[in-house]
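This report describes the sheets, aromatic pairs and nonpolar cores of the structure shown below. Please keep the sequence and the model at hand while reading.

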Amino acid sequence: MPAKKYFFFILLLTHLVRAQKVVPPTLFADPVNALQAYHENLAQLRQEHTNHRELPDLKFYFFGMGDRLKLIYRNGRLLNALTGNIEEQWNVKQEVIVPSEYLVHLTLADGQTVQIREDELGVWLLQTNKRPKLIPGTRSRINLPRFADKSFGPVLRVLHQEVLINVINGRPVPNFLVYYKPWYRDAAMMAMVLRTTNNLHLIRDWILAIRDPFDRNNRLEADNFGEVLFLVSLVSDKTHPVVPIVLDSLKKFRKGNYILGKTDNIEHPVYQTKWLKYGLKSLGLPDTFVIPKLADSYSSVFWLDYKNEHVDEKKTMKTSAIILFSAGQRTISTSWGMYRRSAAWWATSIIR
């Protein structure tokens with residue numbers, strides 16, 4: 001190889017190596033104040049939106065957003081969240097868990113400091129006077145915005161983690177500890193978050209592989225039609241193989257100019273038709289459906305569009321608390337009741 005070409009080859013190789021080099025984080029400087037700032041931000045949210053439910057103060061924390069190894073810290077141990085295998089353990093004198101920083105700060109009995117910290121590159125073990133350790137199985141790139149320009153930035157960070165932690169093996173599930181299969185309803189909402197935060201690549205292949213218009217977790221649910229169409233719109237177009245199957249299958253659920261079927265074992269024609277129209281619009285498909293002027297307890301749960309298409313009625317959900325608050329041009333919806341099964345639904349979505 002001529003000397004000039006060899007020089008440029010070495011230069012290119014050096015550039016590529018540097019581009020791929022992993023830069024570890026440093027020890028987080030002030031976890032106590034960061035936790036206080038998060039608590040203050042959360043208190044402000046609760047003051048402005050009082051319809052919420054208190055949750056127990058349990059001292060544990062999950063690591064492993066996206067397709068990373070799922071880990072849980074509790075009582076001085078870092079465990080594989082799926083197998084229970086002990087990955088690391090310490091004799092801990094004091095612990096500070098900072099959800100908004102994806103951080104667990106430990107003061108050990110011998111006075112040393114250890115931090116478990118997750119960032120855009122992976123999950124790290126940081127310790128004074130020791131080289132940072134990237135935990136095997138956690139190296140993968142994700143985007144973790146700080147939402148610094150939003151009123152509830154620290155809370156948004158926590159909600160974002162709730163969504164990302166429930167992506168496993170490329171599939172968006174309601175709760176990775178409980179569910180193996182995705183639910184299209186949860187997946188569609190999670191996908192809105194991933195699109196907004198530039199993390200849609202995490203579930204792209206799963207969406208492209210969809211061939212069934214029903215997730216078949218709870219019989220055949222009519223809202224699945226619109227959810228599948230919307231999911232497809234995020235990574236493909238109306239030529240996706242599942243689209244004609246959806247359009248053919250929904251004929252059996254059509255009742256006049258709307259659709260009617262079961263969602264959570266109850267008929268919810270307004271909710272189901274709203275989802276269908278939203279999915280059709282997302283793919284630019286013809287839409288001859290009309291939202292029925294009927295009372296539907298799930299109507300207000302669909303807050304993405306068609307907000308004026310609603311007939312008021314008493315809420316019939318046994319336990320319901322829907323928190324909607326504006327964050328600039330984004331909105332977050334946290335719902336217990338219809339979606340009480342899912343940790344991810346606590347943080348349902350950040351949308352335009």
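## Sheets, rings and cores

Tyr73 has Leu78 in β3 as its bridge partner. Strands β2 (residues 71–74) and β3 (residues 77–80) run antiparallel and are joined by 4 bridges. Strands here are DSSP runs of E with at least two residues, helices are runs of H or I with at least four, and both are numbered from the N terminus. Two strands count as paired if DSSP finds at least two bridges between them.

The model is predicted, so local features need pLDDT of at least 70 and side-chain atom pairs count only at pLDDT 80 or more, whereas totals for chains, interfaces and linings use all residues. Residues are numbered from 1 along each chain as its sequence is written, and side-chain values use heavy atoms, with hydrogens and water left out.

**Two open sheets.** Strands β2 and β3 belong to an open, antiparallel sheet of 4 strands in the order β1-β2-β3-β4. β1 and β4 (86–89) stand at its edges with a single partner strand each, so one side of each has no neighbour in the sheet. From one strand to the next, the twist averages 20°; axes are lines fitted to C-alpha atoms, for helices over the stretch in contact, and angles run from 0 to 180 degrees between N-to-C directions.

Another open sheet has 5 strands with antiparallel pairing, ordered β5-β6-β7-β8-β9. Its edges are β5 (92–98) and β9 (133–134), each with a single partner strand, so one side of each is left without a neighbour in the sheet. Within this sheet, 5 bridges connect β6 (residues 103–108) with β7 (residues 113–118), and Leu103 stands opposite Arg117 in β7. Helix α2 (residues 31–48) lies across β5 and β6, at about 40° to β5.

**Aromatic rings.** The whole structure holds 16 aromatic pairs. Rings of Phe, Tyr and Trp (its six-membered ring) pair if their centres lie within 6.5 Å; planes under 30 degrees apart are stacked, over 60 edge-to-face, and the rest tilted. Two of the pairs are set out here.

| Pair | Centre to centre | Angle of planes | Type |
|---|---|---|---|
| Phe62 and Phe176 | 5.4 Å | 75° | edge-to-face |
| Phe214 and Phe253 | 5.9 Å | 45° | tilted |

Phe62 lies in β1 (residues 61–63) and Phe176 in the loop between β11 (171–172) and α4 (184–196), so their pair ties together parts 114 residues apart in sequence. Both residues are buried, meaning under 20% relative accessible area, with exposed over 50% and partly exposed in between (1.4 Å probe, protein chains only). Lys70 lies over the face of Phe176, 5.6 Å from the ring centre; such a charge has NZ of Lys or CZ of Arg within 6 Å of the ring centre and within 35 degrees of the ring normal. Phe214 and Phe253 are likewise buried.

**Nonpolar cores.** A nonpolar core is a set of buried Ala, Val, Leu, Ile, Met, Phe, Trp, Tyr and Cys residues joined through side-chain atoms within 4.5 Å. The largest has 76 residues, of which Phe63, Trp90, Ile116, Leu231 and Trp275 touch the most other members. Helix α4 provides the largest share of this core, 9 residues. A second, separate core of 13 residues includes Leu35, Tyr38, Leu45 and Val155.

Beyond its neighbours within four places in sequence, Trp90 is in contact with residues including Tyr73, Leu78 and Ile116; contact means heavy atoms within 4.5 Å. Leu231 lies in helix α6 and, at 0% relative accessibility, counts as buried.
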